[in-house]
Each structure stands twice: as C-alpha cells, then as structure tokens.
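The sequence and model come before the details.

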Amino acid sequence: MNLVVVDFEWNQALRSDSPVFNRLPIHLRGEIIQIGAVRLNDDYTPGEEFTIDVRPVYFRQIHYQVKKITGFDKERLDGAVGFPEAFEAFRQFCGDDVVFLTWGCDDKGIMEQNIIIHDLDWDWIDEWINLQLIYNVQTGGDKNQKSLADAMEHFGIEQTRVAHDALGDAFNTAAVASRLNMREGLRNYDDAPRILASRMPNFTLPSETEQGPEPIIFDAFDGYETKAAAFADAEISDLKCPVCGKPMESLKWVNQGEGRYMNIYTCRDHGKYLMRIRFKTNPEDGSILAGRRVYEADDDMLTLYKTKSAQARRRGRGRRGRR
C-alpha cells in the first residue's frame with residue numbers, strides 16, 4: 001500500500017456565468033494548475049516528493065484571487081504541461097495500490113472533475129482518506145473543520161515550506177500525519193464520522209428509518225492481494241438465493257468509488273438482490289479486506305444500479321473512441 005499525501009492548487013472562472021461552461025460537460029469548480037504530493041514512509045514520516053505545474057485549458061486567465069494567494073501568473077503556467085501529461089506523471093509517482101490522504105474533502109472533488117473534463121481513467125484513484133477526521137478524533141475535536149495551520153500549531157510544527165503551494169501544503173499535511181497514530185487512525189477511519197458526531201451538542205442516534213434498509217447478509221473476508229483476487233473468490237461473488245438456496249444469476253460489477261462496488265443478483269422465484277462490497281487496505285500488511293452486504297433490492301437500489309452502470313458504459317465508450 002502506498003500512502004500519498006496530495007494537494008492541488010486550482011484556477012477559477014472569472015465569472016460564474018462564463019461562456020466557457022458551455023464547452024464543458026460539468027460546471028467545473030476549478031481547473032488544476034499545480035499538483036503536489038508526498039509519499040509517506042513505512043513509519044508514516046514524509047518521504048519522496050512530487051510536484052508539477054499544469055497549464056490550464058479552460059480557465060486560461062488567472063483569477064486575481066488565485067494569483068494573490070498562490071503567486072501563480074500566466075507567464076509561469078505558459079511553460080507548464082497539459083493536465084493529461086501531468087496526470088500520467090503523477091500516476092507513475094504514486095504507483096499501484098495507492099491511498100490518498102488530503103486535508104479536507106475539496107481536493108478529491110476537484111481531481112474527479114478534472115479527470116472528467118479530460119476523459120481520463122479514474123478507477124485507480126478510488127481510495128481517499130480525509131486526514132482531518134483522524135486528527136479531530138485523536139485530538140478530542142468534533143465535526144467542525146480545523147485548518148492545517150491549527151493542526152501544525154497544535155503539534156508545534158514549524159512552517160518551513162511555502163503555504164498555498166501544492167507541494168508545501170502536502171508536506172505540511174504529511175508532517176501532521178507523522179504526529180498522529182496513523183495505524184490506529186486508518187484502522188478505525190470508517191467509524192470517525194460517528195465518533196465525531198457523538199461529540200456534537202444534542203447528539204442523538206438516528207432512527208431505524210434514517211439508517212436505511214438492514215442487510216440480510218453481512219460478512220467480511222480478508223487476506224487478498226488484489227481486488228481482482230477477491231472478486232475471483234466464489235465464496236464472495238457466487239450468491240445463492242437466501243430463500244430457496246438456488247444459485248442466482250448476476251449482472252456486472254459497477255464501481256461506486258471510494259472502494260465500493262455493487263451488483264444485482266436475480267432468483268427467478270424470489271426476485272432481485274443487491275450485493276455491495278467495500279474494499280479496505282489492511283494497514284498492518286497491505287492486504288485487501290472485503291466487507292460484503294446483501295439487501296433485498298428495492299426500486300431505489302435498482303435505479304441506482306442502472307444509473308451507475310450507464311455512467312460506466314459511457315466512460316468505457318469514450319476510452320475506446322480514443323484508440
């Protein structure tokens with residue numbers, strides 16, 4: 001498992017009604033102009049570094065606020081590479097089996113949007129950790145956001161890198177990570193939102209209706225080298241009807257992002273079932289953990305599957321068209 005702390009700087013449109021949005025399939029929040037990353041060593045200290053400037057294609061004029069905060073100007077970015085080239089260099093740096101650590105959630109959404117507008121492969125970037133959640137849990141915080149500067153001050157970390165620079169912010173985030181119990185934080189990450197919510201005033205547990213449908217099967221498997229090996233294990237992917245015990249036919253696995261996949265299974269006599277698999281990386285040895293949940297498929301689940309499946313097919317056609 002490669003733990004990579006990542007940060008992006010991005011440019012914005014000069015106006016919310018800019019005609020450039022008519023050329024885009026989405027309302028782009030920001031176009032990445034710099035990628036910065038730091039790989040964590042085995043002891044969770046900052047290790048190898050990566051940075052690259054990216055030439056904007058859609059928001060070519062630097063927003064005055066972006067220029068003021070980052071110092072980026074047109075002259076600097078004119079000599080930068082395009083996003084596809086920068087993205088490929090970033091992928092080579094990250095390697096396989098990568099988990100991204102960010103401070104907050106903005107970087108993940110910006111990266112996904114930039115991948116969409118350039119029609120690039122994003123199956124390899126589905127593992128993201130918001131380090132701010134681990135920091136809040138381990139320092140007695142709640143759901144309220146804390147700035148990276150606050151976390152550095154908390155641990156007495158000296159500001160030795162330039163702020164509002166992608167590599168500088170990635171390094172500072174990695175420095176905060178080195179002061180946390182990352183082994184425990186990664187292991188308990190899925191419980192972090194619940195723990196932080198319980199610290200808020202007037203916290204109450206959600207009712208059964210708010211929690212959503214209960215799975216009729218809930219089990220876990222571990223020890224896999226890859227996700228493909230887990231999917232190939234018949235103990236996970238071959239599902240028998242919970243009512244009659246007969247083997248069921250399945251459709252294709254659909255990637256929901258963040259290590260989650262779903263599929264629809266059908267029994268001719270007893271209807272349809274939704275299987276969800278959530279993959280996690282074991283921080284102890286880097287092996288793959290798979291949590292499996294099976295539900296009686298209602299209309300909302302079937303609609304969600306159809307929507308996600310259609311999106312995956314459109315991305316696939318786009319990639320084939322470029323060959």
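Thr 281 stands opposite Ile 288 in β11. The model is predicted: local features need pLDDT of at least 70, side-chain atom pairs count only at pLDDT 80 or more, and totals for chains, interfaces and linings use all residues. Residues are numbered from 1 along each chain as its sequence is written, and side-chain values use heavy atoms, with hydrogens and water left out.

**Strands and hairpin**

- Strand β10 (residues 271-281) pairs with β11 in the antiparallel sense over 9 bridges; two strands pair if DSSP finds at least two bridges between them.
- Helices (H or I, at least four residues) and strands (E, at least two) are DSSP runs, numbered from the N terminus.
- β10 and β11 form a hairpin with 6 residues between them, and Gly 286 in the turn has a positive phi of about 80 degrees.
- Strand β11 (residues 288-296) also pairs with strand β6 (residues 217-224), in the antiparallel sense and over 6 bridges.
- Phe 218 has Arg 293 in β11 as its bridge partner.

**Nonpolar cores**

- The largest nonpolar core has 31 residues, of which Leu 40, Leu 101, Leu 131, Val 176, Leu 180 and Met 182 touch the most other members.
- At least two residues of this core come from each of β1 (2-11), β2 (31-40), β4 (98-102), α5 (131-138), α6 (148-155), α7 (166-179), α8 (182-187) and α9 (192-198).
- α7 gives the most to this core, with 7 residues.
- Apart from this core lies another, of 25 residues, among them Phe 90, Cys 94, Met 111 and Trp 128.
- A nonpolar core is a set of buried Ala, Val, Leu, Ile, Met, Phe, Trp, Tyr and Cys residues joined through side-chain atoms within 4.5 Å.
- Buried means under 20% relative accessible area, exposed over 50%, and partly exposed in between (1.4 Å probe, protein chains only).
- Leaving aside neighbours within four places in sequence, Leu 40 is in contact with Leu 3, Val 5, Thr 45, Pro 46, Leu 101, Ala 174 and Ala 177; contact means heavy atoms within 4.5 Å.

**Aromatic pairs and charges over rings**

- Rings of Phe, Tyr and Trp (its six-membered ring) pair if their centres lie within 6.5 Å; planes under 30 degrees apart count as stacked, over 60 as edge-to-face and the rest as tilted.
- By this rule the count is 16 aromatic pairs.
- Phe 90 and Phe 100 form a stacked pair, 5.8 Å centre to centre with 20 degrees between the planes.
- Phe 90 is in helix α3 (residues 83-94) and Phe 100 in strand β4, so this pair ties together parts that are 10 residues apart in sequence.
- Phe 90 is buried at a relative accessible area of 1%, and for Phe 100, also buried, the value is 1%.
- Phe 100 and Trp 124 form an edge-to-face pair, with 6.0 Å centre to centre and 65 degrees between the planes.
- This second pair links distant parts of the chain, 24 residues apart: Phe 100 in strand β4 and Trp 124 in the loop between α4 (106-117) and β5 (128-130).
- Trp 124 is buried, as is Phe 100.
- Ring pairs link Phe 50, Phe 83, Phe 87, Phe 90, Phe 93, Phe 100, Trp 124 and Trp 128 into a cluster.
- Arg 39 lies over the face of Phe 93, at 4.5 Å from the ring centre, and Arg 76 lies over the face of Phe 72, at 3.9 Å from the ring centre.
- A charge sits over a ring if NZ of Lys or CZ of Arg is within 6 Å of the ring centre and within 35 degrees of the ring normal.

**Helix α5**

- α5 is mostly covered, with 6 of its 8 residues buried: Leu 131, Gln 132, Leu 133, Ile 134, Tyr 135 and Asn 136.
- The cover over these buried residues includes β4, β5, α6, α7, α8 and α9.
- At the start of α5, a side-chain oxygen of Asn 130 reaches to within 3.0 Å of the backbone nitrogen of Gln 132.
- Gly 140, which follows α5, has a positive phi, near 80 degrees.

- Most residues other than glycine have a negative phi.
- Tyr 44, not a glycine, has a positive phi of about 70 degrees.
- Tyr 44 lies in the loop between β2 and β3 (46-53) and is buried, with a relative accessible area of 11%.
- Glu 258, also not a glycine, has a positive phi of about 55 degrees.
- Glu 258 lies in the loop between β8 (254-257) and β9 (260-267) and counts as partly exposed at 35% relative accessibility.

Note on methods: Polar contact = N/O pair within 3.5 Å; in protein donor to acceptor, adjacent residues only side chain to side chain.
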